[in-house]
Amino acid sequence: MSLFLHPGLVALTLGYVLSQFYRAFLAVLSSTLQAELGASAGDLAISSGMWFVSFAAVQVPVGWALDNIGPKRTAAILLALGGGGGAAIFALATQVWHLHLAMALIGIGCAPALMAAYYILAHEFPPAVFAGMTGLVVGFGSLGDILGTAPLVALIHSAGWRNALWLLTGATLLVAGLQMWLVRNPTHAADAPRGRIADVLRLRVLWLMLPLIAGSYAVSAAIRGLWAAPYLRDVFGADDAAIGKATMAMGIAMVAGNLLAGRFVWLCRSARRAAVVGHVLAIVALAGLCLLPALSLGLSVALLAALGMCGTNYALLMAHARGLLPVHLVGRGVTFLNMISVGGVGVMQFASRPVHHATDALFAPAQSYALLFLFFLVPVVIGMVLYLRTPEAADA
């Protein structure tokens, strides 16, 4: 089965390209926004966190909307109003709080993109191909992460950051229009049961997954989108061009990992086993950054790229969870789990700000960032220990 034979999924994937771009593009804008608006790294931590918190906050309403309105209007309307409106406010920003508001609106606009695709995949494709198909959506969508690195730097240098944001506003509205045109809502039987969040919470089999779901994606998303740039600048003296290349390496690794997710699940013989292997790699990479934060720029970029590849752990966890959800709970279930995942990113981003400020005042930059990486490592280790107690899905 091919993703490209389903025009609606292509349109939703384009929305996810924008979602990946917007959650990470502040990393290469940090120096520009500091110079023009006086936005510090801490201010941008709040702006980036606002994206994730608002994104997570609307996941439960998005789950309701997917079941009752359908993915077509849910994805297109929110992307146009939230994504397009937020990008326009960003382009007009003159104060730091304008960035916070813009990122919050963009987070709301991006909230349904991936979940709408998951909803269609769960209702129109067999469970056995779910991991592979979602990996393709996330993999191609992760191209947005690459566009938010060196290509964005080149666009800003040639057109200016405000003009770049106006171009993004237009692109966002165009994709929303394509979604309204191409996406088709799945058909449901009139007597099909409709799930509720309470029904999802009664599935105790998911409880042991929640800590890892909350901490896993925060590693690649928060470090890629927020801390990779200041880390490379403060510890190695990297300029914008070097930072753009390093973060692009993370993005390429993320795309590669997600495109290979289906094959990786097949090799590991289940999504659960693939998720275990993927999180072991994430733990090793984070431990390397904790222990050797300033050994060499090449090593640090390689470890950051490994963390980028570990971004596919999100798709693996969702594929495992999909196998544990009844069909009528897929809409509410995946949006609830997505809320936990993305909310974890927002919480970790907000919490990482005082951690960095405290350590930066007491230690040299290398030691300060080593402790910051440790801050991200500990929740993943704890979540991994609990996740090892989860069962395989019935269709593993």
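Guide: Arg263 lies in helix α15, where a helix is a DSSP run of H or I with at least four residues, a strand is a run of E with at least two, and both are numbered from the N terminus. This is a predicted model, in which local features need pLDDT of at least 70 and side-chain atom pairs count only at pLDDT 80 or more, whereas totals for chains, interfaces and linings use all residues. Residues are numbered from 1 along each chain as its sequence is written, and side-chain values use heavy atoms, with hydrogens and water left out.

Arg263 has a relative accessible area of 51% and is therefore exposed; the classes are buried under 20%, exposed over 50% and partly exposed in between, with a 1.4 Å probe and protein chains only. A distance of 23 Å separates the C-alpha atom of Arg263 from that of Gln20, which is 243 residues away along the chain.

The loop between α15 (261-268) and α16 (271-291) contains Arg269. This residue has a positive phi of about 70° although it is not a glycine. Arg269 counts as exposed because its relative accessibility is 65%.

Cys268, by contrast, is buried, since its relative accessible area is 16%. A disulfide is defined here as a pair of cysteine sulfur atoms within 2.5 Å, and a search of the whole structure finds zero of them. Cys268 accordingly takes part in none, and the nearest cysteine sulfur, in Cys310, is 13 Å away. For Cys290, the closest cysteine sulfur also belongs to Cys310, and the 14 Å between them is too far for a bond. Cys290 counts as buried because its relative accessibility is 15%.

Thr247 has its place in helix α14 (residues 240-259) and is buried, with a relative accessible area of 0%. Leaving aside residues up to four places away in sequence, Thr247 touches Val28, Asp145, Thr149, Arg224 and Ala228, a contact meaning heavy atoms within 4.5 Å. From Thr247 to Gly343, 96 residues apart along the chain, the C-alpha separation is 23 Å. Gln367 belongs to helix α20 (residues 365-387) and, at 43% relative accessibility, counts as partly exposed.

As for the chain as a whole, its secondary structure comprises 20 helices and zero strands. The C-alpha trace spans about 60 × 45 × 35 Å along its principal axes. Of the 396 residues, 58% count as buried. Among contacts with a separation of 6 or more, 85% are between residues 24 or more positions apart. The accessible surface comes to about 14700 Å², with 71% belonging to carbon and sulfur atoms; such areas come from the Shrake-Rupley method with a 1.4 Å probe, and for residues only the protein chains shown count as cover.
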